[in-house]
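Colleague: I've just opened this model and I'd like to learn how to read it. Please take me through the features one by one.

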Amino acid sequence: MTKVVRRCRFPSLFLFVIAALQALAAAAWASEGSGPASQAPQERPSSQVVGDFVALCESLLVGAADAMPADKYSFAPTEGEFAGVRTFAQQVKHAAATNYILGAAILGEPPPPDAGDEVGPEAVRTKPEIMKYLVGSFAYLRKAAAAIDAHNAIVKRSPISPLGGKTTRLGLAIETLAHAMDHYGQMVEYLRMNGIVPPASR
C-alpha cells in the first residue's frame, strides 16, 4: 500500500494561527474605535474573525489548486525523502476532506460519509471534480465559522483532532486553519517543482 504523509501538528503553527486571529481582532477593534472619543470600540464576534481567515485560506488553497495543470495533478515528488508521499490531487482532496470533518465537528454534525479517513471521495478524481470538492469544503467551513459564539462554545472533539475530551468550536476552527495552511505549504512546493509560481506569490 502506498504510504501517505499523515497530518503534521506543529505547536508553533497553532500558536501562529492563534496570534494571527488575536491580531486581526485587535486591528478591527482599533479601527472601529478610531472615531470620536464618545464612540466605544465595537468588539467583533469570533465568528467574523474566523470567517476572515477562512476566506484567506480559501483564496490561497483554491488559487494553488487551480494553478496546477490538470495533467500534473498526479504529480508527487520522488527524490530524497519524498518517496511515497501524496500526489498533488491527494493533497487537495485531503485538505478538503479535513475541512468537512472538522467543520462538521464545529457544527455538531456527523461528518460526510464520503470524507473517509481524511482522503475524500474515491469518485472525485479529475481536476474539475477536485476543485469543486475543495470549494464546497470551504463553503461548509464558512457555515461552521458562523456558528461560533460564546453561548455554544463547548463541543465534542473530533476523532481526528489532537484536542482531548471536549473542546471548543474556536479551538477546532483554529486547528482547521492551521491544517489548511500546512497543506498549502506543501502544495506550493509541488507547484514550484513544476516551474509554477503560486498565484499568491506573483
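Modeller: Let's begin with pockets. On a 1 Å grid over the protein atoms alone, a pocket is an open set of points where a 1.4 Å probe fits, with protein on both sides within 12 Å along at least five of seven lines; a lining residue has an atom within 4 Å of a point. Points are joined across faces, edges and corners, and the volume is the space filled by probe spheres set on them. Here the largest pocket holds about 260 Å³. Before we go on: this is a predicted model, where local features need pLDDT of at least 70 and side-chain atom pairs count only at pLDDT 80 or more, while totals for chains, interfaces and linings use all residues. Residues are numbered from 1 along each chain as its sequence is written, and side-chain values use heavy atoms, without hydrogens or water.

Colleague: Which residues are closest to the centre of the largest pocket?

Modeller: Of its 13 lining residues, those are Gln 90, Lys 93, Val 119, Gly 120 and Glu 122. Helix α3 gives the largest share of the lining, with 4 residues. By type, the lining has 6 nonpolar, 3 polar and 4 charged residues (Ala, Val, Leu, Ile, Met, Phe, Trp, Tyr, Cys and Pro are nonpolar; Asp, Glu, Lys and Arg are charged; the others, including Gly, are polar).

Colleague: How many helices and strands does the chain have?

Modeller: Helices (DSSP runs of H or I, at least four residues) and strands (runs of E, at least two) are numbered from the N terminus. This chain has 5 helices and 2 strands, in the order α-α-α-α-β-β-α.

Colleague: Let's pick a residue in α4, then. Is Ile 130 buried or exposed?

Modeller: The idea is relative accessible area: under 20% is buried, over 50% exposed, and in between partly exposed (1.4 Å probe, protein chains only). Ile 130 sits in helix α4, residues 127-146, and has a relative accessibility of 1%, so Ile 130 is buried. Setting aside neighbours within four places in sequence, Ile 130 contacts Tyr 73, Ala 89, Val 92, Lys 93, Val 124 and Arg 125. Ala 89 is 41 residues away along the chain, yet its C-alpha atom is 7.3 Å from that of Ile 130. Over the 202 residues of the chain, 44% count as buried.

Colleague: What about the aromatic rings? How many aromatic pairs does the structure hold?

Modeller: A pair of aromatic rings is described by the distance of the centres and the angle of the planes. Rings of Phe, Tyr and Trp (its six-membered ring) pair if their centres lie within 6.5 Å; planes under 30 degrees apart are stacked, over 60 edge-to-face, and the rest tilted. This structure has 5 such pairs. Tyr 100 and Tyr 133 have ring centres 5.2 Å apart and planes at 35 degrees, so they form a tilted pair. Tyr 100 is in α3 (residues 88-107) and Tyr 133 in α4, so this pair ties together parts 33 residues apart in sequence. Both of these tyrosines are buried. Tyr 100 also pairs with Tyr 140, with centres 5.6 Å apart and planes at 35 degrees, so that pair is tilted too. It links α3 to α4 as well, across 40 residues of sequence. Elsewhere, ring pairs join Tyr 73, Phe 75, Phe 88 and Tyr 190 into a cluster.

Colleague: Which residues does Thr 87 contact, leaving aside its neighbours within four places in sequence?

Modeller: Thr 87 contacts Tyr 73, Ser 74, Phe 75, Ala 76 and Tyr 190. Thr 87 lies in the loop between α2 (46-67) and α3, and at 18% relative accessibility Thr 87 is buried.

Colleague: Last one: where is Ala 200 found?

Modeller: Ala 200 is in the segment after α5 (169-193), and with a relative accessible area of 52% Ala 200 is exposed.

Conventions: Contact = heavy atoms within 4.5 Å.
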